[in-house]
Amino acid sequence: MNCLFCKIIAGEIKSTKAYEDSKVLAFQDLNPIAPVHILIVPKMHIASADYLDAASSQIVGDIFLVASKLAEKLNLNGYRIINNCGEDGGQSVPHIHFHLLGGKRLNWEPL
Ligand code: AMP
Ligand code: ZN
């Protein structure tokens with residue numbers, strides 16, 4: 001499959017791993033926007049949140065558990081989990097992924 005994150009999962013493209021189990025891989029984002037910026041992805045290819053169904057959506061809970069474990073391991077004083085979906089959401093890689101951001105006070109600006 002011609003998918004960047006599937007290639008990272010398969011080990012065909014290098015990444016710096018932060019966590020791995022049979023269902024989930026977490027690795028450092030190549031262009032971090034915070035001191036901690038880890039991508040957490042299901043090993044199963046799901047293009048975006050729009051493609052989740054009742055069975056595959058279980059993985060979202062698994063990913064949140066991984067995020068909270070990583071945050072604890074990294075001693076984060078709070079963190080943010082972001083999923084960009086679709087064009088206006090800013091999704092650039094069509095394999096569902098969650099950004100774990102932390103290590104600084106994150107902005108939250110009203111419109
Ligand atoms: P999104 O814009 O939400 O689709 O997020 C895609 C993320 O993937 C961006 O934050 C990129 O910096 C990151 N990224 C792209 N290529 C790689 C790569 N080879 N290894 C790690 N992160 C990557
Ligand atoms: Zn994929």
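What follows is a short exchange on the zinc site, a histidine and the aromatic pairs of a predicted model.

User: What are the ground rules for numbering and confidence?

Analyst: Residues count from 1 along each chain as its sequence is written, chains are lettered from A and ligands numbered from 1 in the order in which they are written. The model is predicted, so local features need pLDDT of at least 70, side-chain atom pairs count only at pLDDT 80 or more, totals for chains, interfaces and linings use all residues, and side-chain values use heavy atoms, with hydrogens and water left out.

User: Which atoms coordinate the zinc ion (ligand 2)?

Analyst: Cys-3 (SG), Cys-6 (SG), His-45 (ND1) and His-95 (ND1), at 2.0 to 2.3 Å. A donor is an N, O or S atom within 2.8 Å of the metal (3.2 Å for Na, K and Ca); water is not among the atoms, so sites may look incomplete. The donor residues are spaced C-x2-C-x38-H-x49-H. Cys-6 sits in helix α1 (residues 4-10), His-45 in the loop between β3 (36-42) and α2 (58-73), 39 residues apart. Helices (H or I, at least four residues) and strands (E, at least two) are DSSP runs, numbered from the N terminus.

User: Why is the arrangement of the four donor atoms called tetrahedral?

Analyst: Four donors count as tetrahedral if all angles lie between 85 and 135 degrees. Here the angles are 105 to 116°, so the arrangement is tetrahedral.

User: Is Cys-6 buried or exposed?

Analyst: Buried means under 20% relative accessible area, exposed over 50%, partly exposed in between (1.4 Å probe, protein chains only). Cys-6 has 18%, so Cys-6 is buried. His-45 has 30%, so His-45 is partly exposed.

User: What makes a polar contact for the side chain of His-99?

Analyst: The side chain of His-37, at 2.8 Å. The rule asks for N or O atoms within 3.5 Å; within protein, one must be able to donate a hydrogen and the other to accept it, and residues adjacent in sequence count only if both atoms are side-chain atoms. His-99 lies in strand β5 (residues 98-102) and is buried, at 13%.

User: Why is the pair of Phe-5 and Phe-27 edge-to-face?

Analyst: Rings of Phe, Tyr and Trp (its six-membered ring) pair if their centres lie within 6.5 Å; planes under 30 degrees apart count as stacked, over 60 as edge-to-face and the rest as tilted. The count comes to two aromatic pairs. Phe-5 and Phe-27 have centres 5.4 Å apart and planes at 80°, so the pair is edge-to-face. Both are buried.

User: What makes the pair of Phe-64 and Phe-98 edge-to-face?

Analyst: Their centres are 6.0 Å apart and their planes at 75°, so edge-to-face applies. Phe-64 is partly exposed at 39%, whereas Phe-98 is buried at 7%.

Terms used
Four donors count as tetrahedral if all angles lie between 85 and 135 degrees; four count as square planar and six as octahedral if opposite donors are over 155 degrees apart and all others between 65 and 115; anything else is irregular.
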